Amino acid sequence: MEQLRELVPWVYLIAAVTFIFGLKGLSGPTTAQMGNRVAAAGMLAAVIATFLEQQVAAAWVLVLPAIAIGTVIGFVGARQVPMTAMPQMVAIFNGAGGGAAALVSTLEYLRATGAGGASVGEVIAILLGLMIGAVSFSGSIIAFGKLQGLIDAKAFKYTGQQLVTGGLFAGMLLLALLLVADAAGILAAPKELALGVVGLLALAFGVALVMPIGGADMPVVISLLNAYTGLAVAMAGLAIGNQMLIVAGTLVGASGTILTRLMSKAMNRSLANVLFGAFGAAGTATGAARADDGRTVRSITAEDAAIQLGYAQSVIIVPGYGLAVAQAQHSVRELADLLESRGISVKYAIHPVAGRMPGHMNVLLAEANVPYPQLMEMDDINPEFARADVALVIGANDVTNPAARRPGSPVSGMPILDVDQAKSIVVIKRSMGKGYAGIDNELYPNEKTGMLFADAKEGLASLIAAVKAV
């Protein structure tokens with residue numbers, strides 16, 4: 001057994017390499033599955049090595065059932081949760097990771113104080129793990145509630161909001177500094193009480209931080225909370241002296257931070273604006289075929305849209321969250337196959353923040369076996385719109401709004417898909433309801449735009465039947 005324990009650091013090293021290769025694989029749709037499997041294999045090896053490193057056999061009695069329960073929950077979740085609910089599942093997983101790190105940090109502090117006290121460095125790592133983990137846990141729960149519809153997705157603002165949020169952060173930080181001073185022998189503090197209050201303040205701070213953020217910013221929030229969870233895990237690894245947790249947490253924290261910056265850039269907004277700008281109050285308009293500025297929109301039938309598609313040479317499909325809600329990914333693939341059978345070129349325009357999390361549309365369309373080469377990122381597809389005969393927008397709103405090019409708009413500067421450059425535009429949408437930005441979409445009154453008012457799945461079914469009849 002002792003010889004096996006000597007191999008643990010080498011197993012950790014190999015696992016760390018698999019994590020890096022796994023992240024590299026996740027950077028592309030064709031290698032994502034393999035990257036996921038490689039990283040999962042590395043994590044399995046790391047878990048087994050950690051067991052071998054332990055010398056307390058009694059711990060196995062507690063840990064093995066916990067692993068079994070977690071495995072069942074993860075397997076069932078991966079198999080049963082629909083693609084539309086994947087952002088919610090990611091939020092829950094983020095929260096679980098952050099909560100676990102907070103609990104490990106708390107228990108390590110209690111163990112260290114019971115064994116004669118922890119060093120200043122250990123206490124700092126423990127407190128960071130507790131605070132960041134608790135913020136990630138409570139923030140992820142709020143994000144889950146907003147995405148699931150259990151909590152109003154609108155940006156929640158109230159008088160004195162900044163004062164309350166700042167007060168929670170200041171109180172948490174001051175108590176943490178008190179515990180660090182206690183570890184340094186500068187002054188004595190009620191350790192357990194102060195630690196408990198730090199944890200409670202961190203939980204409240206996570207709620208106060210995420211509640212004011214509207215639904216449009218949830219992709220950025222999820223990425224940020226993912227980074228928080230990684231940092232919390234790394235701090236917990238420092239606290240208990242586990243190299244694997246340090247490496248894995250640092251990789252997750254770094255990749256989550258990079259992704260957060262990329263998502264913010266894609267929305268042309270700073271992270272501070274996302275966190276404190278209260279952008280993204282959900283719109284409440286319904287049904288009316290009229291824009292806010294009084295211009296009317298042109299309503300068309302499935303037959304009208306079918307004629308445009310049937311005689312086109314190039315079609316660009318722009319999927320959005322409405323496609324995901326309606327579970328219409330297989331219908332859009334059927335329509336694309338029908339058009340391609342007639343020699344029509346079909347491409348998909350994927351905006352980086354379409355849907356409710358990074359890569360949401362890619363994953364959804366991959367489920368319908370849409371060929372990867374047809375999925376084109378914003379920078380690659382935008383020059384193609386001017387040459388496209390028809391742009392078919394399905395459930396996408398803010399990411400197609402030309403108002404982003406106009407100064408003074410709430411979405412000014414946000415990179416958008418240049419749908420309005422296409423020769424003809426067909427929008428499948430249930431109503432004239434606004435997107436999460438809460439503003440009118442200037443694409444809809446465009447003279448080239450025809451609005452097919454229908455649920456995405458029903459609208460596509462009618463469109464497929466009409467194209468077949470052309």
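Because the model is predicted, local features were required to have pLDDT of at least 70 and side-chain atom pairs were counted only at pLDDT 80 or more, whereas totals for chains, interfaces and linings use all residues. Residues are numbered from 1 along each chain as its sequence is written, and side-chain values use heavy atoms, with hydrogens and water left out.

Secondary structure was taken from DSSP runs numbered from the N terminus, with helices (H or I) of at least four residues and strands (E) of at least two, and two strands were treated as paired if DSSP finds at least two bridges between them. Strand S1 (residues 314-319) is joined to strand S2 (residues 345-350) by four bridges in the parallel sense, and within this pairing Ile316 has Lys347 of S2 as its bridge partner.

A polar atom of the Lys429 side chain does, however, lie 3.0 Å from the backbone oxygen of Ser431. When neighbours within four places in sequence are left aside, Lys429 is in contact (heavy atoms within 4.5 Å) with Asn397, Tyr444, Met451, Leu452, Phe453 and Ala454.

Side chains of opposite charge can pair when their charged atoms come close, and a search of the whole structure finds nine salt bridges. One of these salt bridges is formed by Asp182 and Lys191, with an N to O distance of 3.3 Å; Asp182 is buried at 13% relative accessibility, whereas Lys191 is partly exposed at 29%. A further salt bridge is found between Glu384 and Arg387, whose closest N and O atoms are 3.1 Å apart, and Glu384 counts as partly exposed at 22% relative accessibility. Arg405 and Asp420 also form a salt bridge, with their closest N and O atoms 2.8 Å apart. This pair links distant parts of the chain, since both Arg405 and Asp420 lie in the loop between strand S4 (390-394) and S5, 15 residues apart. Arg405 is partly exposed, with a relative accessible area of 42%, while Asp420 is buried at 12%. Salt bridges that share partners join Lys347, Glu384 and Arg387 into one network.

The structure holds one aromatic pair, under a criterion in which rings of Phe, Tyr and Trp (its six-membered ring) pair if their centres lie within 6.5 Å, with planes under 30 degrees apart classed as stacked, over 60 as edge-to-face and the rest as tilted. The ring centres of Phe169 and Phe205 are 5.5 Å apart and their planes stand at 45°, so the pair is tilted. It links distant parts of the chain, with Phe169 in helix H7 (residues 161-183) and Phe205 in helix H8 (residues 191-210), 36 residues apart. Phe169 is partly exposed at 38% relative accessibility, whereas Phe205 is buried at 13%.

Most residues other than glycine have a negative phi. Gln327, however, has a positive phi near 55°, and is located in the loop between helix H13 (321-325) and helix H14 (329-340), where Gln327 is partly exposed at 29% relative accessibility. Asn369 also has a positive phi, near 60°, and lies in the loop between helix H15 (360-367) and strand S3 (375-377), with a relative accessibility of 56% that classes Asn369 as exposed.

Note on methods. Buried means under 20% relative accessible area, exposed over 50%, partly exposed in between (1.4 Å probe, protein chains only). A polar contact is a pair of N or O atoms within 3.5 Å; within protein, one must be able to donate a hydrogen and the other to accept it, and residues adjacent in sequence count only if both atoms are side-chain atoms. A salt bridge is a side-chain nitrogen of Lys or Arg within 4 Å of a carboxyl oxygen of Asp or Glu.
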